[in-house]
Amino acid sequence: MALQDVCQWQTLDTQGPSPHLPEAGGWAVPRGCDPRTFLQIHGPRLAHGTTTLAFRFRHGVIAAADTRSSCGGYVACPASRKVIPVHPHLLGTTSGTSADCVTWYRVLRRELRLRELREGRLPSVAGAAKLLSAMMSRYRGLDLCVATALCGWDHAGPALFYVYSDGTCLQGDIFSVGSGSPYAYGVLDRGYRYDMTIPEAYALARCAVTHATHRDAYSGGSVDLFHVRETGWEYVSRSDAFVLYMELQKAPGLEQERELEAEASQAHPEPATPQDAEEGGEVFVE
């Protein structure tokens with residue numbers, strides 16, 4: 001006896017329109033069309049905007065980002081978090097489509113956890129970056145938009161990698177991603193030093209993101225600051241970007257203070273002592 005005769009069940013009408021399928025002009029790709037070509041021609045064009053940065057120095061890796069999530073000219077969320085922890089010694093900044101970034105970081109967490117269970121230890125930061133790059137490169141051309149900076153500490157010390165959804169994987173000391181990155185790079189290139197102290201690194205990261213939020217319409221909200229140490233990552237602070245910018249306008253910046261000190265030292269050079277030479281300082285004689 002058929003199932004429909006027992007419980008009076010009837011099969012769905014497959015010829016008519018299904019209530020679970022999107023309407024005409026939605027995201028479904030018609031049969032016979034290449035998905036990549038179809039998305040390039042008819043896919044949505046969303047304006048992505050953010051400011052994220054990361055740099056490596058002798059005390060670890062600093063990661064900072066704004067908190068404004070936007071879709072075109074609409075501010076979807078003014079207090080989102082764009083720095084995602086992966087494990088206690090690794091985190092990453094997110095730029096691009098928020099859903100894609102969150103999804104791929106979940107996938108990365110799962111793969112790193114499985115590798116830890118198989119091998120008994122977590123892979124290095126370079127291994128995690130290469131793994132994420134290899135996984136996303138298979139979806140090249142399908143409108144995937146993920147740009148991230150992986151910040152971590154492994155057996156080789158602090159490490160920083162930039163990974164893009166087309167498979168790009170780069171290692172460096174300074175990375176800034178997003179629509180506000182040109183303004184952030186201007187501050188970072190001027191004030192970055194590898195031998196900075198921790199307060200100087202915090203001030204530089206906040207200053208770079210704050211100036212980017214002031215100039216870039218898609219960036220704003222607050223400034224999140226993270227610090228990756230040898231003991232693991234640490235959430236330092238969340239500060240209002242407008243308040244930080246007003247404080248920077250009132251107080252002289254670190255670079256201006258350094259320039260004034262340099263001019264003063266050139267006008268009145270301090271005499272070198274034998275103790276300075278023994279400590280490794282260089283002695284210049286005019």
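Guide: A salt bridge is a side-chain nitrogen of Lys or Arg within 4 Å of a carboxyl oxygen of Asp or Glu. Keep that in mind. In this predicted model, Arg193, Asp195 and Glu200 are linked in a network of salt bridges.

Visitor: What is the general idea behind such pairs?

Guide: Side chains of opposite charge can pair when their charged atoms come close. Now the case here. Arg193 and Glu200 meet through their side chains, 2.8 Å from N to O.

Visitor: How many salt bridges does the structure hold?

Guide: The structure holds 8. One of them joins Lys82 and Asp66. Their closest N and O atoms are 3.0 Å apart. This pair links distant parts of the chain. Lys82 sits in the loop between β4 and β5, and Asp66 in strand β2 (residues 60–66). They are 16 residues apart.

Visitor: Are Lys82 and Asp66 buried or exposed?

Guide: Lys82 is buried, and Asp66 is buried too. Look also at Ser80. It is in the loop between β4 (74–77) and β5 (83–87).

Visitor: Why does Ser80 count as buried?

Guide: Buried means under 20% relative accessible area. Ser80 has 14%, so it is buried.

Visitor: Which residues does Ser80 touch, not counting residues up to four places away in sequence?

Guide: With those neighbors left out, Ser80 touches Asp66, Thr67, Arg68, Ser69, Asp224 and Arg238. Asp66 is the residue that pairs with Lys82.

Visitor: Let me step back. How many helices and strands does the protein chain have?

Guide: Count 9 helices and 12 strands. The chain has 286 residues, and 37% of them count as buried.

Visitor: How do I read contacts over the whole chain?

Guide: Ask how far apart the partners are in sequence.

Visitor: Now a helix. Which residues of α7 are buried?

Guide: Helix α7 covers residues 241–250, and Ala241, Leu244 and Tyr245 are buried in it. They cover an arc of only 100 degrees around the axis, so they lie on the same side of α7.

Visitor: What does the face turned away from the buried side carry?

Guide: That face of α7 carries the exposed residues Phe242 and Lys250.

Visitor: What do the buried residues of α7 pack against?

Guide: They pack against α6 (198–215), β11 (222–229) and β12 (232–240).

Visitor: What happens at the start of α7?

Guide: Look at Asp240. One of its side-chain oxygens reaches to within 3.0 Å of the backbone nitrogen of Phe242. Val243 belongs to helix α7. At 42% relative accessibility, Val243 counts as partly exposed.

Visitor: Let me try the strands. Where does Ser239 lie?

Guide: Ser239 lies in strand β12. It is buried, with a relative accessible area of 17%. Leaving out residues up to four places away in sequence, Ser239 touches Arg206, Ser222, Val223 and Leu244. Leu244 is one of the buried residues of α7.

Visitor: And where is the place of Arg229?

Guide: Arg229 is in strand β11. It counts as partly exposed, at 27% relative accessibility.

Visitor: Which residue forms a salt bridge with Arg229?

Guide: Glu234 does, with the closest N and O atoms 2.9 Å apart. Glu234 is partly exposed, with a relative accessible area of 33%.

Visitor: What else does Arg229 touch?

Guide: Again, skip residues up to four places away in sequence. Arg229 then touches His89, Trp153, Ile198 and Tyr202, as well as Glu234. One more pair to find: Arg229 and His59 are 170 residues apart along the chain. Their C-alpha atoms are separated by 6.8 Å.

Key:
Residues are numbered from 1 along each chain as its sequence is written. This is a predicted model: local features need pLDDT of at least 70, side-chain atom pairs count only at pLDDT 80 or more; totals for chains, interfaces and linings use all residues. Side-chain values use heavy atoms; hydrogens and water are left out. Buried means under 20% relative accessible area, exposed over 50%, partly exposed in between (1.4 Å probe, protein chains only). Helices (H or I, at least four residues) and strands (E, at least two) are DSSP runs, numbered from the N terminus. The arc is that of the directions from the helix axis to the C-beta atoms. Contact means heavy atoms within 4.5 Å. A polar contact is a pair of N or O atoms within 3.5 Å; within protein, one must be able to donate a hydrogen and the other to accept it, and residues adjacent in sequence count only if both atoms are side-chain atoms.
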